[in-house]
Structures are given as structure tokens and as C-alpha cells.
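My notes follow the order in which I looked.

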Amino acid sequence: MKRVLLLFLVLCSCNAFSQSEKIKKKAYQWRNEEIDKLDFKGNNNTTELCQFFHQGIFKGKVYPEFVNQNPGEVYPYVGCKNGCLLCTYFMGMIYLHPNPLLKVPPYYAEAVPFFKKLAEQGDVRSMMILARDLYEDPKSTQKDATQAKYWYAKAAEKGDSIAIVKTEQYKASASNPYEAGLKAYNNKDYAEAIKQWTVAVNYNANGEAAYNLGVMYATGDLVPKNLFGAHHFLDEAARLGVKKGLALNGEMYYQEFYYLDALHYLQEAKNNGYAINQQHLDKVIAYKKDLDDKIAKENALNDAYDASVRLHAQQAKDAAAAKANQQTLSNTPQNNKSTKKCPYCSGSGTVTSASSKSLEQDKNGRWYNVYTPSKTSQCSYCKGTGTL
């Protein structure tokens, strides 16, 4: 039984190897031939060769030697001429999100045909890429609100939840949401007024609508009080040119004890000619001055502390260096003192040696030594120290 199982596995491996070699051979042939001579059938299915490139290049799992093949050379041919939808999507993504190492902006215009081809065949993902990334994104060179609405509507028909919301918002912005909100407000339908004015801010950049929303959220008389929403919409109003909410924004920050924010908005409101509470402005100015003085003192203390730490560290470093130097000197041979007396000089450090002899001749003609002078010199064994 084991032999039969082993034989079966060997046959399967041989068959797989044969198929892999077949694909590999075809891939080499594809690379070596001229692209115009290849017969592409134009179907929408992934062919054997196309599948090889998906696995071998994009996933890097089949043959490592093909990983260095430039996908920009493969996907246009396999995707566009052979009709592989997956390759078409990859090609669109290469243009829309180029390699960051290249440091080049997205090729928006070049990416459009690939995603449009897929979107026209019902691919919801490509519809959303067209609407959001190519036709709605302010950074895109292909920005086109009409096209964005069209592809959002197509994706909404396919049931995409984000596209459904976007489509409704575009429909609302096509009318006059500011007037619709004002009408709802006068009819005391405040929820509808907030809805319409929010659309007017987000899609029509209406500063008055932003100011109205900020006031409603700030006062909390007609709707639940929402300071975060109030700050947001009053900021939006100022950004859109309606600066009459600056003083209100500053007062809210003052009441919340965010004095630095209050100083910014109250000062800006005053500079733009709007009435403010001068006492509050003076208080936050004094607070800012006290805070700056406190920070300056803390910085000075921190600088002094850092200087003392550096001084202490330098002193410790110098002391350690001096100690190490002293230890080095004490360990040198010439400074090592021994208690053993030098036997050559008997501890005196000097030795006596004979000098030249003085000879004289007596009356009988004999010569004899008159005296033998001596000389003293440093002991060469102990170097004059007297010890070994």
C-alpha cells in the first residue's frame, strides 16, 4: 500500500513539474518574441500565460527569476491585448499609485481608461475609484463633478452603501440647500434645517450656513448643545469668509477656560472690527503674559540645572582622568620602589673604580706605584637608586 501511495505521489509531482516547465517555456518564448506577432484572443478569462505572470511576478511564488520583470511591460500586453481584467486592474493601480521611490505624482489621466474599462463591465470597485479618486479628489487632474455623480450613481445601483449616501448628498446639493434649511428653520423643523445647512457647508461651501449651525449648537436653545460642533462650524464659517462668529467662538473658549484659544479668537475678532468683551480679552492677555514669564523662568531653571549637570559631569570626568594618570605613573618601572638593597653598590647608589696609576723610578732604577687614585660613578645596576 505504501509503495502504491509513493508511486502516486511521484506521478503527481512529475505531472506538476511538466506543467510548470511547459508554462515556463511558453513564458520564455513570450519574452523573446515580438509582441505584435503573438496571437491574443481578447477573452476576459485568465489564460495560462497570464496566470503565470500573476503568480510569478505579482505574487513572486512561481519562478523567482521572473520577479525582476517590469510589471509595466507585462500588464499592458497581457491585460489590454489579452483581455485579462485582473491585469487591467493592476495596470490602473500602477498609474494611480506609482512606486513611491520614483517620487512622481499619480498618472491620473493614464489610469482612467483602465478603471473605466472595468467599471463598464460592472466592477463596483472600479466605479468607486473613478468617482472618488479620479473625478472627485481635489488633487486629481481629472476632477469632474458630473463624472463623479455618474459613477457614484452606477455604484449605488449595484448596492454600494457609500455610493448610495454620496448620491443622495449630490442630489441634495443640486438644489439650494441653504434656502431649504432657512425655510425649515422658519417652520421650526430644526432637524431638517441642520441637515440642509450641513449639505450647504460640505458641498456648496456656504459660510452663512456654517455660521447658523455654529450658533445653534453654541446656544443649545433649539437643538441639544454641542460645543465641539459649534467650534467646528464657526471655524468653517470664518474659513469661508463669514467672520462674525469669531467673538462667539472666543467667548465659548473663555467659558471653557481654554484661555489661549480664547485669546486667538477674541483678538482676531477685534482685529476684524467685531465687538468683544474687552475685560475678557485683557484677562487672557494677562494670562498669556504670566504663562510666558513662568515658562521663561522654568526654561532658565532648566538651563541652569543642565549647566550644573554638565559641570559636575566634566569635573567627575577630569577627576577620573587625573586618577587614571596618577595610577599610570605609579605603575611605570622607574617609579616602582623595591625594598631590596643593591648588592653592587651596597645601597649607596654609587661605585668606586680605579683611575690611572702613577709610577716613579727609584735610584736603583726600579719602578713602583706612588698612589692609585679612584673615581666615583653612578651604579649602572640600580641607576643610582640604591635598590633593585
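**Ground rules**

I am working with a predicted model, where local features need pLDDT of at least 70, side-chain atom pairs count only at pLDDT 80 or more, and totals for chains, interfaces and linings use all residues. Residues are numbered from 1 along each chain as its sequence is written, and side-chain values use heavy atoms, with hydrogens and water left out.

**Whole chain**

I counted elements first. The chain has 15 helices and four strands. Helices (H or I, at least four residues) and strands (E, at least two) are DSSP runs, numbered from the N terminus. I then looked up burial. Of the 388 residues, 29% count as buried. Buried means under 20% relative accessible area, exposed means over 50%, and partly exposed lies in between (1.4 Å probe, protein chains only). I also checked the contacts, meaning heavy atoms within 4.5 Å. Among contacts with a separation of 6 or more, 46% join residues 24 or more positions apart.

Two packed helices are described by the angle between their axes and the distance between the axes. Here axes are lines fitted to C-alpha atoms, for helices over the stretch in contact, and angles run from 0 to 180 degrees between N-to-C directions.

I started with α4 (residues 85-96) and α5 (residues 108-120). Their axes come within 8 Å and cross at roughly 155 degrees. That makes α4 roughly antiparallel to α5. The cut-offs are under 35 degrees for roughly parallel, over 145 for roughly antiparallel, 65 to 115 for roughly perpendicular, and oblique for the rest. The crossing of α4 and α5 is left-handed. Left-handed means the near helix is turned anticlockwise from the far one by less than a right angle; clockwise would be right-handed.

I listed who makes this contact. From α4 come L85, T88, Y89, M91, G92, M93, Y95 and L96, and from α5 come Y108, E110, A111, F114, F115, K117 and L118. By class they are eleven nonpolar, two polar and two charged. Ala, Val, Leu, Ile, Met, Phe, Trp, Tyr, Cys and Pro count as nonpolar, Asp, Glu, Lys and Arg as charged, and the others, Gly among them, as polar.

I also checked P105, which sits in the loop between α4 and α5. P105 is exposed, with a relative accessible area of 58%. P105 and Y95 are ten residues apart in sequence, and their C-alpha atoms are 9.3 Å apart.

**Helices α5 and α6**

Next I took α5 with α6. Their axes come within 8 Å and cross at roughly 155 degrees. I noted this pair as roughly antiparallel, with a left-handed crossing. The α5 side includes V112, F115, K116 and A119, and the α6 side includes S126, L130, D133 and Y135. The class count is eleven nonpolar, one polar and two charged residues.

**Cores**

Which residues have the most contacts inside the largest nonpolar core? They are L96, F115, L130, L134 and W151, in a core of 23 residues. Such a core is a set of buried Ala, Val, Leu, Ile, Met, Phe, Trp, Tyr and Cys residues joined through side-chain atoms within 4.5 Å. α4, α5, α6 (124-136), α7 (145-157) and α8 (161-174) each supply at least two of its residues. α6 gives the largest share, seven residues.

I followed L130. Beyond four places in sequence, L130 touches V112, F115, K116, A119, Y135 and W151. A second, separate core of 22 residues includes Y178, A209, M216 and A230.

**Helices α12 and α13**

Last, I looked up α12 (residues 227-239) and α13. Their axes come within 9 Å and cross at roughly 150 degrees. α12 and α13 are therefore roughly antiparallel. Their crossing is left-handed. The contact uses L227, A230, H231, L234, D235 and A238 of α12, and L246, L248, N249, M252 and Y253 of α13.

I checked L248, in α13 (residues 246-255). L248 is partly exposed, at 28% relative accessibility. Outside four places in sequence, L248 contacts V215, A218 and L234.

Outside four places in sequence, E236 contacts V201 and A210. R239 also lies in α12. R239 is exposed, at 59%.
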